[in-house]
Amino acid sequence: MPAWLRKSLVVVISMVTFGMVSPAQVNGFLTTTTERSEKSTAAETSFIDSLDVPLDEEAEREMFIHRTMMEAEQQSFQKFGAKIGPVIEDEFRQSILPNIEKAIEMVAFQFPGEKLNSLRITEIPGGGESEKIFHIIGDNGKDIIRFHVRRDQPPKDGFWFNFHYHTYHDSFQTHYELGRIFWAKNTPPKWKS
């Protein structure tokens with residue numbers, strides 16, 4: 001098999017499997033027994049070694065984002081409860097969840113791959129009139145980013161759910177808007193009801 005084709009397959013297979021299959025394993029699978037007995041050139045070895053680290057870190061980042069998004073969606077609907085959830089579900093999935101994913105990606109790029117495994121999401125969203133949906137917590141137990149939803153009532157405009165987040169960079173002072181969803185003119189029920 002030509003070297004360029006083998007190298008291309010090593011890259012493609014490693015990327016498709018998100019680093020679960022290492023470049024060395026792919027290369028070993030693609031070489032014949034006679035090629036295995038020969039020494040590989042220094043250029044091939046350095047090429048494969050250089051692929052190993054970025055793919056693993058990228059795979060860890062993708063797994064963190066996927067895992068966190070699954071938990072974020074679950075926590076959000078747990079907070080909405082049976083009365084609010086079905087009413088705003090479609091609009092939440094279309095307009096708010098993609099923005100939450102962008103914010104989580106931003107967090108993922110602030111930490112090296114091995115540090116992402118120590119980040120976790122809080123398990124219980126706030127009920128009643130609390131704003132908390134979920135927080136992402138570092139290994140030291142301190143919040144990194146806080147995702148909240150607030151009930152707004154502009155004059156003569158009904159009730160809106162204002163989704164936003166805060167970061168530790170400014171001590172959680174600034175509201176970073178994720179989006180708004182209109183409820184109705186009547187008062188929405190309490191969270192988790």
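User: In β4, which residue is the bridge partner of H148?

Analyst: This is a predicted model, in which local features need pLDDT of at least 70 and side-chain atom pairs count only at pLDDT 80 or more, while totals for chains, interfaces and linings use all residues. Residues are numbered from 1 along each chain as its sequence is written, and side-chain values use heavy atoms, with hydrogens and water left out. Strands here are DSSP runs of E with at least two residues, and helices runs of H or I with at least four, numbered from the N terminus. Strand β3 (residues 143-152) pairs with strand β4 (residues 160-167) in the antiparallel sense over 8 bridges, and the partner of H148 in β4 is H164.

User: Which strands stand at the edges of the sheet, and why is one side of each left without a neighbour?

Analyst: The open sheet has 5 strands with antiparallel pairing, in the order β1-β2-β3-β4-β5, where two strands pair if DSSP finds at least two bridges between them. One side of each edge strand lacks a neighbour in the sheet because each has a single partner strand, and these strands are β1 and β5 (176-182).

User: Which element gives the most to the lining of the second largest cavity?

Analyst: A cavity is a set of points, on a 1 Å grid over the protein atoms alone, where a 1.4 Å probe fits but cannot get out, and lining residues have an atom within 4 Å of a point. The second largest cavity is lined by F64, R67, T68, E71, R120, I121 and I136. Two or more of these residues come from each of α4 (42-108) and β1 (120-121), and the element giving the most, with 4 residues, is α4.

Technical notes: On a 1 Å grid over the protein atoms alone, a cavity is a set of points where a 1.4 Å probe fits but cannot get out, and a pocket is an open set with protein on both sides within 12 Å along at least five of seven lines; lining residues have an atom within 4 Å of a point.
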